[in-house]
Amino acid sequence: MNLERKRIIREVIADAENLSKYDLGESVRGLASRINMKDSEILKLNSNENLFIPLDFLRNILRRAVDEIDPRIYPRDEVNNLKNALSKHLNVSPEEIVVGTGSDQIIDLVSRMFLRRGDEALSIAPTFVIYEHCVKIQGAEYKSVPLKDDFSLDVEALLSSVTPNTRVIFLCSPNNPTANRFSHKDILSIAENFDGIVAVDEAYADFAGATILDLARDLENLIVFRTFSKVFGLAGLRVGYAIASRKLAEIINEKFQMPYSVCLMALRVATKLLEENFEFIERKIFELRTERSRLINALNSTGRIAAFPSETNFVLFRTGNVDSSVVHKALLERGIIVKDIGQVLKFRNCLRVTVAPAQMMKRFIRELGAVLDEFGA
Ligand SMILES: Cc1ncc(COP(=O)(O)O)c(C=O)c1O
């Protein structure tokens, strides 16, 4: 098939060259068969999923949900049920909530709503790559301002990078991959001094125990993204949501979101977790935080790894002079998948690891030690 003959197809292919690609890393199945291990022996610690929520506990909720849903009917009441549950949980009105297929999809909706070819979006570096991806899909320009060396926001640099074409500022707090939360004062100062929308991604806020929502509920240009993928352990069911001013939420819900965009089962399970099981989830957050401190202490006490503080369910750490890509590869050979981040501002050789229950962390720390022994750190 000669695609080159068709002008429009040629143009679309050329445009796609400029799009960034999300690197999912090696799959569990692919790695297991490559290194001759069982799938169940692979430790997947590269996507900040939540392994503290027991599989049996979630399967029980799914089983109960199966008996309650009618899959022949489009999910309409279920969306409203989830919005009502979220409204009680967050103390916002249901009309201020948008529900989507994971927060990624809502980031895409907001990009579609605010950005056209020639517009600009601003963000920070480093941060979650999906913002850049969604901005570029719109044909808009993505610019980023480095964080300060202590990982705080450079408010002045951000505001002075705004041009008349800048329509969205994406912030991620706590930030992926630096794992720190930005001060409310800095976020508010950006929102108050910018004419466009400030989108704050709070995917990890429950692990930090703080949210910008408490302070900024009345700010008309703020939109906050949240997800069930992290704190609730539902990454596979794909449920995210956003909180925005009533008018913006109404426009997104009625004009940009597709009707019935989230699957009935996912909506039902998310609602059940929120309404019936939140105390259990809170206990798991507590366990995760305890394990996170233990992991950071264990890494730092080796003397050859420097772990940064974390307000998330992952930890960013440096492997000194040993190349992070070498460590990443060597861990893969031992059945452990982490994320190689590389250079973060002035810090070389950074990797990111998901905080998981104690047994898994023990294996990770042991294998990481062995890899560093092997490569002479
Ligand atoms: C900052 C941030 N936002 C959003 C997401 C994706 O969330 P969801 O699974 O709801 O699409 C992630 C996933 O890693 C993330 O790190």
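Student: How do the residues of the shell around the ligand divide into nonpolar, polar and charged?

Tutor: The shell holds four nonpolar, eight polar and two charged residues. Here Ala, Val, Leu, Ile, Met, Phe, Trp, Tyr, Cys and Pro count as nonpolar, Asp, Glu, Lys and Arg as charged, and the others, Gly among them, as polar. This is a predicted model, in which local features need pLDDT of at least 70, side-chain atom pairs count only at pLDDT 80 or more, and totals for chains, interfaces and linings use all residues. Residues are numbered from 1 along each chain as its sequence is written.

Student: Which element gives the largest share of the shell around the ligand?

Tutor: Helix H5 (residues 102-114) does, with three residues. Helices (H or I, at least four residues) and strands (E, at least two) are DSSP runs, numbered from the N terminus.

Student: What makes strand S3 mostly covered?

Tutor: Five of the six residues in S3 (residues 120-125) are buried. A residue is called buried because 20 or more other C-beta atoms, placed from the backbone, lie within 10 Å of its own; 12 or fewer make it exposed, and values in between partly exposed.

Student: Why are S3 and strand S4 said to pair?

Tutor: Pairing requires at least two bridges found by DSSP. S3 and S4 (residues 141-146) have six, in the parallel sense, so they pair. Ala 125 stands opposite Pro 146 in S4.

Student: How many bridges join strand S12 to strand S13?

Tutor: Four bridges join S12 (residues 339-344) to S13 (residues 347-354), and these strands run antiparallel. Lys 339 has Arg 352 of S13 as its bridge partner. The two strands form a hairpin with two residues between them, and Leu 345 in the turn has a positive phi of about 55 degrees.
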